[in-house]
Amino acid sequence: MKHIVVLTGAGMSAESGIATFRDSGGLWEQYAIEDVATPEGYRRNPQLVLDFYNARRKAAFDAKPNKGHVGLAEMEAGYKVSVITQNVDDLHERAGSTSVLHLHGELSKVRSTADPSLIYTLTRDNWEIKLGDKCEKGSQLRPHIVWFGEAVPMIEKAVEIVHTADILVVIGTSLNVYPAAGLLNYVRSGTPVYLIDPNDVSVHQPDVCFIKKGASEGVAELRNILKSK
Ligand code: APR
C-alpha cells in the first residue's frame, strides 16, 4: 500500500468555518501574535490569552469536518495515510483519519504550567479554562498549544514520517511558519508533491503539481488524479 503523507494548515478547516491566520480577515488581522500566541504575551496578560483560546476551542468544537477532511479519511481504504497538521482543531480525527500528528498542539488539551507532562482533555461540555483552574500539583492550566518561540516537540517525528512518503500532499498552508514549512525538504527525491490551495503559494521544490482549488474540491480532484495513475 502506498504511503501518502498530508501536511495541512488552516486552509484545510476554512470550509468548516474556522478562520485562517493570514488570509484577509484572518486571525492575525484581529489579534497581535505577540499578545496571544507567545509565552511573553501569556505572562503579560494570561486572561487575554485564555479568552483567545477558549473562543477558538468553542468554535472548533462547534465546527464540523468538511468534505476535504472526510475525503482524506476515505483515502485510508486504498492508501496508508499519515496526516501532519499545523491545525489545533480535531476535525481530521472527527472525519475519521486514524493517523494525525499535531505539530502546533491541540485546542482540546490543556496542560500544567509547572509540569508539561500533566495534560488534560477538555470537551464540548467543559470547553473553557479560567484563571485559577489548576493542575493536580496546584499550578495554573494553560492551552496545550505551541506558541511562537516555543519548541515544536513533534517535528523530528514529522520529519521521519515525511521521509517515508511515497506521495506528499500539502493542503491549506501558506508555508510561512517554520519548522513546519521546512518539512517539504525531507521528501525523498522523485516523490510526487501535490499542493491544494485556491491561492498561489510559493514553494522552492521542483515539479510540484498545483491543484488551485479549496480543500473539498481539491481533495476530490487529487483522488481522481491518483486513481488515473
Ligand atoms: N481550502 C484550502 N486552502 C485554503 C482555503 C480553502 N478553502 N482558504 C484559504 N486557504 C489557504 C490560503 O490561501 C493560505 O495559503 O490556506 C492557507 C492559510 O495560510 P495561513 O493562514 O498562513 O495558515 P497556516 O499556513 O496554517 O499558518 C501556519 O502559523 O500562526 C501560525 O500556528 C499558526 O499553525 C499556524 C501557522
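This report covers the ligand site, the salt bridges and the cysteines of a predicted model.

## Basis

Local features need pLDDT of at least 70, side-chain atom pairs count only at pLDDT 80 or more, and totals for chains, interfaces and linings use all residues. Numbering runs from 1 along each chain as its sequence is written, and side-chain values use heavy atoms, without hydrogens and water.

## Ligand site

A ligand oxygen lies 2.6 Å from a side-chain N or O atom of Ser 174. Polar backbone atoms of Ala 10 and Phe 21 each sit 2.8 Å from a ligand oxygen. Alone, the ligand exposes 730 Å², and the protein buries 92% of that (Shrake-Rupley, 1.4 Å probe).

## Salt bridges

The whole structure has 13 salt bridges (Lys or Arg side-chain nitrogen within 4 Å of an Asp or Glu carboxyl oxygen). One joins Asp 62 and Arg 124 at 3.3 Å, N to O. Asp 62 is in helix α5 (residues 46-62) and Arg 124 in the loop between β5 (119-121) and β6 (141-145), so the pair ties together parts 62 residues apart in sequence. Lys 58 joins Asp 62 and Arg 124 in a salt-bridge network.

## Cysteines

The disulfide count is 0 (cysteine sulfur atoms within 2.5 Å). Cys 135 is buried at 6% relative accessible area, while Cys 209 is partly exposed at 30% (buried is under 20%, exposed over 50%, partly exposed in between; 1.4 Å probe, protein chains only).

Methods
A polar contact is a pair of N or O atoms within 3.5 Å; within protein, one must be able to donate a hydrogen and the other to accept it, and residues adjacent in sequence count only if both atoms are side-chain atoms. Helices (H or I, at least four residues) and strands (E, at least two) are DSSP runs, numbered from the N terminus.
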